[in-house]
Amino acid sequence: MSRLATFWVWLVFGFMYLPIAMILLFSLNASDVMAFPLRGFTTEWYGAILADGRLGGGFLTTLLVAFPVAILTTLFGAAAALALTLYPVRGRGLFVAALLMPFLVPRLILAVSQLILFKEAGIDRSLWTVIAGQSIIILPFSTLIIVSVLIRIDRRLIEAAADLGAPGWSCFRRVVLPLMGNGLLASWVIAFVLSSSEYVLTAFLSGREQPLSVLVASDFRFDLSPSLNALAVLIVLGNIALVVLAESIRCRSGRTN
Amino acid sequence: MRGLPGQIGTWLAMPVVAALVALCLAPLLILLAYSFFQVDFVAISRDPTFANYVKIAGSETYRGLIARAFGSALLVVAITAVIGYPVAWFIAKRVTGAKSTLLTLLLVPLYSGDLVRIFAWRVLLGAEGAINRTLMWLGLTTEPLAGLLFSPLATHIALTYNYLPFMVIGLWLAFESLDDAWLEAAADLGAPAADRFRRVTLPLTSPGLIAGGLMVFVMVAGDYLTPQLLGGASGITIISAVNDLFGTAFDWPLGSAIAWTMLAILMLCFGAGALAIRRTALVSEGV
């Protein structure tokens with residue numbers, strides 16, 4: 001029974017990593033055709049992608065969006081997480097439901113709604129509208145990450161600080177804030193990753209300046225070339241590295257307590 | 001701080017609520033308003049009318065697409081439940097040290113982004129793709145299997161791939177709070193393994209099953225890119241119809257009405273799911 005389950009778990013994890021492993025393999029394969037048999041090793045596909053100026057510009061735009069999005073969602077996520085845990089707000093159930101809304105509403109429906117909103121408000125599409133739209137769909141994720149760190153904080157530390165006469169603000173700044181620091185950092189990194197790979201909403205809300213995801217969307221849709229494959233691998237590996245970094249930061253905060 | 005934690009909470013929550021209202025609730029309400037408008041040649045007439053909803057209810061195409069979206073969602077919920085159930089059990093009950101590592105490993109592929117994941121599946125499933133070429137190279141087939149890519153099969157494989165982790169997380173939480181003492185008691189009382197599963201494990205993990213199922217259901221029903229890019233002719237979904245009505249067809253009011261029809265059905269499913277979770281929780285307390 002247990003052995004069968006072990007086998008099944010290996011199979012499922014294999015399924016989850018099969019596509020990533022395949023594109024990685026073919027990105028280093030010296031052939032136009034992405035299939036077996038492999039024809040030898042090359043890095044020429046990566047060279048082609050890194051030399052592409054259009055993609056470089058798109059990447060810069062992605063960074064211009066992802067940095068403010070990561071900061072905004074971490075700030076708002078921290079406020080929401082504190083209002084859910086250490087300083088519980090009245091009507092918490094309703095607050096949780098409101099926070100889940102942007103996650104549960106189908107992405108495309110939220111995108112067209114925001115498109116109408118900005119049009120009605122007379123706001124032209126730009127990187128600002130992308131930043132606003134992305135921030136709201138990433139907010140539930142950053143809140144969840146920061147909550148997961150806050151619920152592990154030993155409340156006796158806060159009580160001790162209060163008993164020793166620390167006023168609310170100084171208790172927050174000198175006890176709570178250092179303890180939640182790792183959560184903020186993890187949230188920032190994850191928000192950055194989610195922002196840089198978001199497509200549907202970004203496509204609807206971006207104007208003339210287009211982030212990388214929108215720029216390469218049509219290539220990804222219609223083209224199936226090894227250099228595009230190399231780009232996909234770079235995106236995947238970059239994201240995985242950041243996510244693993246964020247997770248290790250988040251888990252470390254559990255151990256120091 | 002101790003005196004007025006509620007008040008501090010309110011001050012903290014206020015900007016968040018303001019942002020949610022401005023960028024999520026308000027847009028959805030404006031969308032609702034638009035669903036009662038009409039397209040009058042190239043302009044939008046703002047006399048409220050139910051015409052769009054009447055049109056949807058009377059259109060076999062739209063009714064069929066809506067039914068298919070929810071049919072697909074149910075199918076993927078069932079598949080992910082069957083695949084995910086043993087995985088969740090294993091992580092919760094058989095793994096001790098590496099729990100968070102395994103959960104992280106499960107979630108990591110999610111962060112690669114929709115487009116890249118779909119691209120990878122196209123590399124794998126295409127007529128010129130890895131699986132077909134490899135099958136031909138091995139001499140197992142002479143013609144590429146045409147049905148692999150651009151088919152409902154491809155769409156559902158990728159949808160399962162996309163949303164399986166959410167199902168596993170829901171089930172894992174349920175297994176973590178499942179007290180093994182119940183199972184031991186049932187075994188001591190002579191219940192065979194099948195009965196223990198059917199009458200103890202399954203009811204006690206059903207809140208997780210429902211929660212994970214709801215998440216998968218909502219996300220599959222609302223998925224736009226996966227069917228579009230992998231489904232071929234079968235890729236026309238109710239969500240892509242909304243996309244077309246906001247793009248080339250330029251009928252925002254009808255698109256809004258379809259979107260709100262979907263939202264209304266999703267909200268009903270959510271209400272039903274929440275009720276079911278509450279009821280199973282009550283039942284399991286009374287076991």
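This report describes the two protein chains of a predicted model, from overall composition to individual residues.

In this predicted model, local features need pLDDT of at least 70 and side-chain atom pairs count only at pLDDT 80 or more, while totals for chains, interfaces and linings use all residues. Residues are numbered from 1 along each chain as its sequence is written, chains are lettered from A and ligands numbered from 1 in the order in which they are written, and side-chain values use heavy atoms, with hydrogens and water left out.

## Overall architecture

Helices (H or I, at least four residues) and strands (E, at least two) are DSSP runs, numbered from the N terminus. Chain A contains 12 helices and 0 strands, and its elements from the N terminus on are α-α-α-α-α-α-α-α-α-α-α-α. Chain B has 12 helices and 2 strands. Along the sequence of chain B, the order is α-β-β-α-α-α-α-α-α-α-α-α-α-α.

The table sets out values for each chain. Accessible areas come from the Shrake-Rupley method with a 1.4 Å probe; for residues, only the protein chains shown count as cover. A residue is buried under 20% relative accessible area, exposed over 50%, and partly exposed in between (1.4 Å probe, protein chains only).

| Chain | C-alpha extent along principal axes | Buried residues | Accessible surface |
|---|---|---|---|
| Chain A | about 70 × 60 × 35 Å | 53% of 257 residues | about 11,800 Å² |
| Chain B | roughly 75 × 75 × 40 Å | 48% of 287 residues | about 13,300 Å² |

In chain B, 69% of the accessible surface belongs to carbon and sulfur atoms.

Contact means heavy atoms within 4.5 Å. Of the contacts in chain A between residues at least 6 apart in sequence, 73% join residues at least 24 apart. In chain B, residues 24 or more positions apart account for 69% of the contacts with a separation of 6 or more.

For charge, Lys and Arg count as positive and Asp and Glu as negative, whereas His and the chain ends are not counted. Each charge is placed at NZ of Lys, CZ of Arg, CG of Asp or CD of Glu. Chain A carries 18 positive and 13 negative side chains, and the centres of these two sets are 10 Å apart. Chain B carries 16 positive and 16 negative side chains, with the two centres 4 Å apart.

## Domains of chain A

Domain bounds come from an automatic or database domain assignment. For chain A, that assignment gives domain 1 (1-42) and domain 2 (54-255). The contact between them takes 8 residues from domain 1 of chain A and 10 residues from domain 2 of chain A. The C-alpha centres of domain 1 of chain A and domain 2 of chain A are separated by 30 Å.

Buried area is the accessible area (1.4 Å probe) that two parts lose on being put together, summed over both. Domain 1 of chain A and domain 2 of chain A bury about 680 Å² between them, with 77% of it on carbon and sulfur atoms. Of the area that domain 1 of chain A buries against domain 2 of chain A, 59% is supplied by A:Ile23, A:Ser27 and A:Met34, more than any other three residues.

## Individual residues

A:Phe41 occupies the loop between helix 1 (2-27) and helix 2 (44-50) of chain A. With 63% relative accessibility, A:Phe41 counts as exposed. Not counting residues up to four places away in sequence, A:Phe41 touches A:Leu28 and A:Ala30. A:Phe41 and A:Leu185 are 144 residues apart in sequence, and their C-alpha atoms are 38 Å apart in space.

B:Leu124 belongs to helix 5 (residues 114-125) of chain B. Its relative accessible area is 2%, so B:Leu124 is buried. Beyond residues up to four places away in sequence, B:Leu124 touches A:Leu18, A:Pro19 and A:Met22 of chain A, as well as B:Gly129, B:Ala130 and B:Ile131. From B:Leu124 to B:Glu184 there are 60 residues in sequence and 45 Å in space, C-alpha to C-alpha.

B:Val21 is placed in helix 1 (residues 5-34) of chain B. B:Val21 is partly exposed, having a relative accessible area of 38%. Leaving aside residues up to four places away in sequence, B:Val21 touches B:Ala26 and B:Pro27.

B:Phe250 sits in the loop between helix 11 (238-246) and helix 12 (252-285) of chain B. Although B:Phe250 is not a glycine, it has a positive phi of about 45 degrees. B:Phe250 counts as partly exposed, at 38% relative accessibility.
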